[in-house]
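These are my notebook entries on one structure.

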Amino acid sequence: MTVVARLAAGAGVGISAGLGGIGWFYSGVLLDTRRQLVYPERVLAVTGSTVVLADSRLTRQPGTWGLRWVGGLARMGPVAEVVDGTVRRPLLGGDVPEPGSSAVLDTGPWDDPGQRGLAFSEVEVPTPVGPAPAWLVPAPGDTWVVAVHGRGGTRREALRVLPALHELGLPVLVASYRNDGDAPPSPDARDHLGDSEWEDLEAAVRYARRHGARRIVLYGWSMGGAITGAFLDRSTEAGAVDAVVWDAPLVDWRATLRQQARNRRLPPGLSPLALAITSRRIRIDFDRFDLRRRPPAVTPPTLLFHTDDDTSVPVSASRALAAAAPGLQWPLRYVEVAGPEHTAAWNADPGAYEGTVTSFLTEVLAPWSL
């Protein structure tokens with residue numbers, strides 16, 4: 001072998017090793033259960049009932065939002081004005097931020113069901129990894145909603161829709177699951193991307209049925225879609241589910257990781273490598289998380305919301321599933337919302353969102369009565 005050939009071969013090995021190292025690192029990020037809240041926005045001023053923020057793509061998002069900073073949470077209304085690098089929004093309630101504070105826009109501007117005017121209790125769901133806390137919001141009906149938040153999220157994700165569900169007479173169990181900061185960790189301290197978390201959802205559904213639920217509605221955000229999808233495919237309890245509501249659901253892990261790799265400006269070929277490494281590390285079969293090609297065994301009537309500017313979970317995967325649904329004998333209603341980011345369809349227009357959820361559940365659950 002010539003010197004040039006040896007150098008080329010060595011370079012090839014070096015590049016492969018480098019990509020392998022990056023792939024392992026990216027896989028580690030994906031499986032890391034640690035969550036750190038960052039505060040990328042800046043409060044410039046507060047004048048009367050108006051907050052002035054530094055202009056950014058996120059602070060300009062339409063609709064109703066929370067604004068969170070260390071030690072406080074406010075509720076903001078739609079953008080009133082964008083001028084000279086600033087965004088002005090009305091303060092609708094909550095705490096008042098101090099000028100100069102670092103903050104983050106929050107899709108959920110409340111911290112517990114009581115702040116939504118609803119009676120609730122803290123209960124414990126016995127899961128395979130130990131007791132997991134849940135909020136139980138009682139109502140007269142015997143069809144229960146079991147709500148499942150997304151990866152990196154918390155039970156607070158469900159607070160936006162609780163009053164609408166309560167008005168329908170539906171008890172709601174807002175579940176936690178392994179590694180989310182409320183429930184116990186998984187035995188290997190790794191995120192399993194829905195591949196084991198569905199067992200905690202199964203435990204929540206069993207809890208609901210033991211406490212009076214005859215039928216179940218599943219409501220999932222983001223990775224809550226992957227978790228509920230796995231539940232519908234694998235759980236013996238899936239036949240009790242009458243309806244599903246998904247908000248920006250993760251219905252194709254490969255497509256999601258390709259988009260997130262682009263967000264991080266990683267090499268295009270890295271996603272398949274990271275997927276292969278992740279598959280070996282946690283023994284996950286990513287084919288089972290492509291719901292267009294591998295729909296779950298049970299496919300109840302489903303309402304799917306997705307925003308068209310979602311940079312976390314690609315809207316293209318939801319569009320593809322919606323287009324394929326008739327051929328899959330899957331009664332699926334798709335609603336695309338223009339403008340906001342991930343899981344923010346409610347924030348863009350709470351009234352329209354809640355009206356759609358209410359009409360869908362009223363129609364689907366009518367044979368059982370609400």
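How many cavities of 30 Å³ or more are there by the rule I used? I counted one. The rule works on a 1 Å grid over the protein atoms alone: a cavity is a set of points where a 1.4 Å probe fits but cannot get out, and a pocket is an open set with protein on both sides within 12 Å along at least five of seven lines. Lining residues have an atom within 4 Å of a point. Grid points are joined across faces, edges and corners, and a volume is the space filled by probe spheres set on the points.

I noted that this is a predicted model, where local features need pLDDT of at least 70 and side-chain atom pairs count only at pLDDT 80 or more, while totals for chains, interfaces and linings use all residues. Residues are numbered from 1 along each chain as its sequence is written, and side-chain values use heavy atoms, with hydrogens and water left out.

**Entry: the spaces**

The largest cavity holds about 60 Å³. Its lining includes Ala226, Asp233, Arg288 and Phe289. I sorted this lining into seven nonpolar, one polar and four charged residues. Here Ala, Val, Leu, Ile, Met, Phe, Trp, Tyr, Cys and Pro count as nonpolar, Asp, Glu, Lys and Arg as charged, and the others, Gly among them, as polar.

The largest pocket holds about 1,700 Å³. I found 41 residues in its lining, with Leu37, Arg151, Gly152, Gly153 and Ser312 nearest the centre. By class they are 14 nonpolar, 15 polar and twelve charged.

**Entry: strand S13**

Helices (H or I, at least four residues) and strands (E, at least two) are DSSP runs, numbered from the N terminus. Why is strand S13 (residues 241-247) largely enclosed by the rest of the structure? Seven of its seven residues are buried, that is, under 20% relative accessible area with a 1.4 Å probe, protein chains only.

S13 pairs in the parallel sense with strand S12 (residues 215-221) over six bridges; pairing needs at least two DSSP bridges. Gly220 stands opposite Trp246 in S13. On S14 (residues 302-307), S13 has a parallel partner over four bridges, and Asp247 is bridged to Phe305 there.

**Entry: Ser186**

I found Ser186 in the loop between strand S11 (172-175) and helix H3 (198-210). Ser186 counts as buried because its relative accessibility is 5%. Its side chain makes a polar contact of 3.1 Å with the side chain of Asp188. A polar contact is a pair of N or O atoms within 3.5 Å; within protein, one must be able to donate a hydrogen and the other to accept it, and residues adjacent in sequence count only if both atoms are side-chain atoms. The Ser186 side chain also reaches the backbone oxygen of Arg190 at 2.8 Å.

Key
Buried < 20%, exposed > 50% of the residue type's maximum accessible area, 1.4 Å probe, protein only.
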